[in-house]
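Let's walk through a model together, one feature at a time. Have the viewer open and stop me wherever you like.

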Amino acid sequence: MRLTSFSDYALRMLMFAASSSETSFTIEAASRAFGVSKTHLNKVASTLTRGGFLKALRGRSGGLLLARPAETIRIGDVVRLTEPDFAVVECFATGNQCVLTRTCRLSGMLGDAIGAFLSALDRYTLADIALEPAAFAAFLPDAPPRPRRPYRRKAETVSAVGDTTPAAPKNLP
């Protein structure tokens with residue numbers, strides 16, 4: 001089973017909202033964070049808002065935030081909202097032309113598999129997959145860079161004032 005990028009971005013956007021805690025976020029901020037176009041995320045946000053997962057705040061200090069607590073948002077419900085269909089084979093799709101449909105046993109097994117997939121997702125909530133705000137901030141492009149140790153070549157030594165001088169070659173016996 002493979003989810004569409006729309007579902008992937010919806011789950012990411014909800015994780016972003018959950019990590020924003022009580023503050024709202026903008027689609028522009030989510031777009032920068034994920035490297036996804038604002039136009040695409042506008043569609044995702046619209047679907048999540050209509051589905052009751054996000055709440056849109058209008059005005060100068062507007063933005064998006066979770067419409068309800070993360071503990072009440074089941075991942076299976078989000079996937080059901082954002083996936084257009086679960087037509088893993090032709091007989092599940094509208095306009096089925098398969099000649100085996102009336103006698104095929106495969107469709108029953110695949111139907112069970114899709115049900116198990118969604119049932120597994122229903123066991124998890126947004127709270128289960130949300131990152132802490134500090135942990136999520138480390139992935140954002142606007143996050144301050146982590147301190148790095150200066151690179152030193154093994155063949156150099158560093159003096160007290162920071163000058164580098166070549167290390168003396170070792171005398172081999």
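**Reading the model, feature by feature**

A: Let's start at Thr125, which lies in the loop between α5 (106–122) and α6 (126–129). Helices here are DSSP runs of H or I with at least four residues, strands are runs of E with at least two, and both are numbered from the N terminus. This is a predicted model, so local features need pLDDT of at least 70, side-chain atom pairs count only at pLDDT 80 or more, and totals for chains, interfaces and linings use all residues. Residues are numbered from 1 along each chain as its sequence is written, and side-chain values use heavy atoms, with hydrogens and water left out.

Q: Is Thr125 buried or exposed?

A: Buried means under 20% relative accessible area, exposed means over 50%, and partly exposed is in between (1.4 Å probe, protein chains only). Thr125 has a relative accessible area of 14%, so it counts as buried.

Q: Which residues does Thr125 touch?

A: A contact means heavy atoms within 4.5 Å. Leaving out residues up to four places away in sequence, Thr125 touches Ala70, Glu71, Ile73, Arg74 and Ile75.

Q: Why do Phe16 and Phe25 count as buried?

A: Look at the relative accessibility: Phe16 has 5%, and Phe25 has 4%. Phe34 is buried too.

Q: Why is α2 said to be largely enclosed by the rest of the structure?

A: Because six of its eight residues are buried. Those are Ile27, Ala29, Ala30, Ser31, Ala33 and Phe34. Just after α2, Gly35 takes a positive phi of about 65°.

Q: How many bridges join β1 and β2?

A: Two strands pair if DSSP finds at least two bridges between them. Strand β1 (residues 54–57) and strand β2 (residues 63–66) have four, in the antiparallel sense. Leu54 stands opposite Leu66 in β2. The hairpin has five residues between the strands, and there Gly59 takes a positive phi near 105°.

Q: Where is confidence lowest, and where is it highest?

A: pLDDT is the predictor's confidence in each residue, from 0 to 100. The chain's mean is 80, and 75% of its residues reach 70 or more. Confidence is lowest in strand β3 (residues 156–158), at a mean of 51, and highest in helix α4 (residues 75–82), at 96. Over residues 143–149 the pLDDT is below 50, and this stretch has two contacts in the model beyond near neighbours in sequence.
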